[in-house]
Amino acid sequence: MTLSNFFLDVRTVLLGLFILLVLRWFFKKPIRNLPPGPWRFPILGSAPAIVSAVWRGLEPHDLFVAYAAKYGPVFRLKAFTKTVIVLSDYPSIKEAFQHPELSDRPNTLISAVTKTNGVVSASGELMIELRRFCLTVLRSFGVGKTSFEEKIGTEAEELMKEMSSFDGKPFNPKRLLSNAVSNVICSVIFGKRYEYTDQKFQNLLDLISRNIKLLGAGGVFFFIPGLRYLPFGKFKQMISNIQESEKFVVDIIEAHRAEFDPENLKDFVDVYLKESQQNLNNEPGAPTSKSSSSAARSHLNDSNFVGTIRNLFIAGSETTATTLQWCLLYMMMFPEIQHRVQAEIDAVVGRNRLPRMADKRDLNFTQAVIWEVQRLACIAPLGIPHTAASDTHIHGFTIPKGAILVPNLWALFRDPRVYPEPDRFNPERFLDSAGKAVKPDELVPFSVGRRSCIGEHLAKMELLIFFSYFLHQFTFKKPDNSPPLSLKGKGGITYSPEPFELCAVKRE
Ligand code: HEM
């Protein structure tokens, strides 16, 4: 075959495929009662509209707010062949995310690269088992219980020593916050903490933080597993970062395996090693194990566990550290609110000891400030998508099997019916007439329903302890002559502030 014939053949095949796709698009049996939505290009669907919005500097969640104003709180987009349903108010998000048929996850890039399916990307029975396993083991190590506050307090104190070492001079708090918060979850899953001088660990945190941005606004690339085949720099970099962070977790598991003592389970990895040993014993043909619990957990295997450990490490670090960065930024932007928080902490706790969880019931304004930062910063503006396991009906619409459901938490947290003057930083909105902090049902930074955040209790405790310790000990100020502060964030899988520096001035 000559070269020109070869290209002619390729062109013919591509043209044939194109015609087939267009015919399929025109003649596909329509599903009745789908949610409304903007006009979609054949084949490309809504992708050009989203790409062009991002190109113009809009975040996808902003574009979706505009669509919701036009088409209502439940509207439909198309991402190539996939139907995407965006949910923009509390009733629709709650109804969808409590529905057992709308609790699966779409395929993810990380699962495709690492060939593991952790708790975040798991669906069906596997998801139920992994969630149960994680919650039970985390609780067994004290996570979420009052006794756990000591561990968080110790990390917060280490971090404050580092902050003090700058002696009121400017520094970027991002890396320190990530290290401190990661240490809390690392102590539970790996049984160890990492020094701020540990270069290998610092590199890992950098790599995770870079990937969170590379994954695109709203983490859009996270849900396109096919990207792993693209030869472009950004995607290659993402894949190599995923592989490197995977190696870090696998190396730790191997080190645990070498020293494993089934009678002395020190951390999450040890519990997993014991569980996987029992699962091996329960395999057909193996001698019968005494453990009926692990026999029941038929879906749990090594690759699910490795994925889950990686999920807990990443989800448990980046989210809380980013929220704390926003808290410090807001305090610098609103010094009068910072002083009010300090005055409350001083009145409740005094100057002779650090705050405790037991003080929480009296730290109403402090709690309201944390909620208001979580509302406005909205670090997971589009949550983590779910997918429909079967054709399902919610909110009067049909959600077709395989559709991806995206909660627009950004829209929900700026709903003027729930939050008058939604763009104003006003912690008072959470205080009742007696000054008690009251959280509205609609404030759900950890999502709702069957996939809601596994680390919610831990994160709430971390936010209160770190934040109240910081303001008890320091006043945060914008460095003289530094660029103006901005409350506009940058999209990635989490929405984080632009890099900034602060001065942590020690209080008397
Ligand atoms: C301020 C901190 C945090 C925020 C705002 C946050 C938010 C979220 C959100 C929005 C989801 C998606 C829920 C859904 O799909 O409906 C989620 C899931 C998850 N979070 Fe968090 N999270 C935080 C901290 C943590 C921590 C500390 C951990 C560590 C234990 C953690 C572990 C997870 C896991 C494992 C999932 C996946 C659950 C599943 O797929 O079933 N998160 N989180």
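Before you click, note that the model is predicted, with local features needing pLDDT of at least 70 and side-chain atom pairs pLDDT 80 or more, while totals for chains, interfaces and linings use all residues. Residues count from 1 along each chain as its sequence is written, and side-chain values use heavy atoms, leaving out hydrogens and water.

**Stop 1: the iron.** Select the ligand's iron atom and Cys453. The SG of Cys453 sits at 2.3 Å and is the only protein donor of that iron. Donors here are N, O and S atoms within 2.8 Å of the metal (3.2 Å for Na, K and Ca); water is not among the atoms, so sites may look incomplete. Cys453 itself lies in the loop between α16 (409-413) and α17 (456-473). Helices are DSSP runs of H or I with at least four residues, strands are E runs of at least two, and numbering starts at the N terminus.

**Stop 2: the shell.** Ala, Val, Leu, Ile, Met, Phe, Trp, Tyr, Cys and Pro count as nonpolar, Asp, Glu, Lys and Arg as charged, and the others, Gly among them, as polar.

For His386, a polar side-chain atom is 3.0 Å from a ligand oxygen.

**Stop 3: along α13.** Select α13 (residues 302-333) and α15 (residues 364-377): their axes come within 10 Å and cross at roughly 105°. Axes are lines fitted to C-alpha atoms, for helices over the stretch in contact, with angles from 0 to 180 degrees between N-to-C directions. That makes the pair roughly perpendicular, a label for 65 to 115 degrees; under 35 is roughly parallel, over 145 roughly antiparallel and the rest oblique. The contact has eight nonpolar, two polar and no charged residues.

Technical notes: A polar contact is a pair of N or O atoms within 3.5 Å; within protein, one must be able to donate a hydrogen and the other to accept it, and residues adjacent in sequence count only if both atoms are side-chain atoms.
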